[in-house]
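Visitor: I have a protein model open and want to learn how to read it. Where do we begin?
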Amino acid sequence: MSLIAGSYERFIWGFKLRSLKNDQNYELTPLFSFPSHLSPIKCTAVAGSAAVSGGADDTIKIYDLSTCSEIGSLHHSATVTSLSFFTPSSFSFPRNLIAASEDGSVSIYDADPFVHLKSVKVHRKAVNSICIHPSGRLALTVGRDECMAMVNLVRGRRSFYCRLGKEASLVNFSDGGEKFFMVMDDKISVHESEDAKTILELDSKKRVLCATSGMHGILFTGGEDRSIKAWDITSGKIAYSIEDAHSTRVKGIVVLHKNSDGDAEDHQHIVASASSDGVIRVWDVRMTNKDKPNPLAEVNTKSRLTCLAGSSIKSMKRPQVGNTTSNGQQLDAGEES
């Protein structure tokens, strides 16, 4: 499993989660760290050996995790606010990259090689979050204009737009795509993907800053309460939680879905989290029945982390750059230049 974290200090951090002694112990091995952007990093995304980061410098940086190198950059129209890869179920390498920005637009890129295909004006104000349906045919966005939109990725145009009445900070699909959820401050609403009908409304009591789907109808959330909650989106109840997972607010959560052989059952219990104090921790959620579960591994970046992304699928294919600016920079573990 590879983890990528971005920070206010412009640094990108890369780590490899390695299992030791028959998967009983884990360690986070540094891959690289360096100031990749000219301004704070807003978002990251990982798929296979390809990783990207978006910043307030209107740039998307591209990394090859197999060689621990930065291989190029994509110049965007404004601050990059959200990134999402689409990887077909039969692929270990992403097919497309979708990027959202502060000017309300969504850009679609081919990921093999990384080439800009089209940009679509979706919101009147900044896009807060974007997610791609597992089919790869459509994407959902939410923005500061208090609206939700649907983008037809086949035709490259906005196909739906509606007012929510309140600004949503996050949107994402469930693992299978049958449902999607939106985050508004401390509330999470769960909807049917077919007709957007509201199924559940969850109350986290404190502001939710990150959320991601797990398997078997589980939704993981983290935020200002410093805990990691696992919600059952069928019953609407908390299945389990890790209280005081961090000493400060949780800024990112990654769930390990599959190993390199595609066997999701072996490692679906592994969850990684990052907090604004710079600490990244890896958890075994099966240990949540303990009073105070200990993390399987942790590392302190000593920076103000803003986002976390990860991939559990190994890919032998290396990402290629097309119409990008590439510096071919080789990154050493722990490098700070």
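Guide: Begin with a cut-off. A residue counts as exposed when its relative accessible area is over 50%. Under 20% it is buried, and in between it is partly exposed. Keep in mind that this is a predicted model.

Visitor: Is R163 buried or exposed?

Guide: R163 has a relative accessible area of 57%, so it is exposed. Now try E146. Its relative accessibility is 28%, so E146 counts as partly exposed.

Visitor: How do I read a salt bridge?

Guide: Start with the general idea. Side chains of opposite charge can pair when their charged atoms come close. Here, the side chains of E146 and R163 form such a bridge, at 3.6 Å from N to O.

Visitor: Which parts does the pair of E146 and R163 tie together?

Guide: E146 sits in the loop between β13 (138-143) and β14 (147-152), while R163 belongs to strand β15 (residues 157-163). The pair therefore ties together parts that are 17 residues apart in sequence.

Visitor: How many salt bridges are found in the whole structure?

Guide: The search finds 12. One of them joins E298 and R281, at 3.2 Å from N to O. E298 is in strand β27 and R281 in strand β26, so this pair also links parts 17 residues apart in sequence. E298 is partly exposed, because its relative accessibility is 45%.

Visitor: Now the inside. How many residues does the largest nonpolar core have?

Guide: It has 20 residues. L3, L17, L28, I280 and L308 have the most contacts inside this core. Several strands each supply at least two of its residues, among them β1 (2-7), β3 (25-35) and β28 (305-311).

Visitor: Which strand gives the largest share of this core?

Guide: β2, with four residues.

Technical notes. Residues are numbered from 1 along each chain as its sequence is written. This is a predicted model: local features need pLDDT of at least 70, side-chain atom pairs count only at pLDDT 80 or more; totals for chains, interfaces and linings use all residues. Side-chain values use heavy atoms; hydrogens and water are left out. A nonpolar core is a set of buried Ala, Val, Leu, Ile, Met, Phe, Trp, Tyr and Cys residues joined through side-chain atoms within 4.5 Å. Buried means under 20% relative accessible area, exposed over 50%, partly exposed in between (1.4 Å probe, protein chains only). A salt bridge is a side-chain nitrogen of Lys or Arg within 4 Å of a carboxyl oxygen of Asp or Glu.
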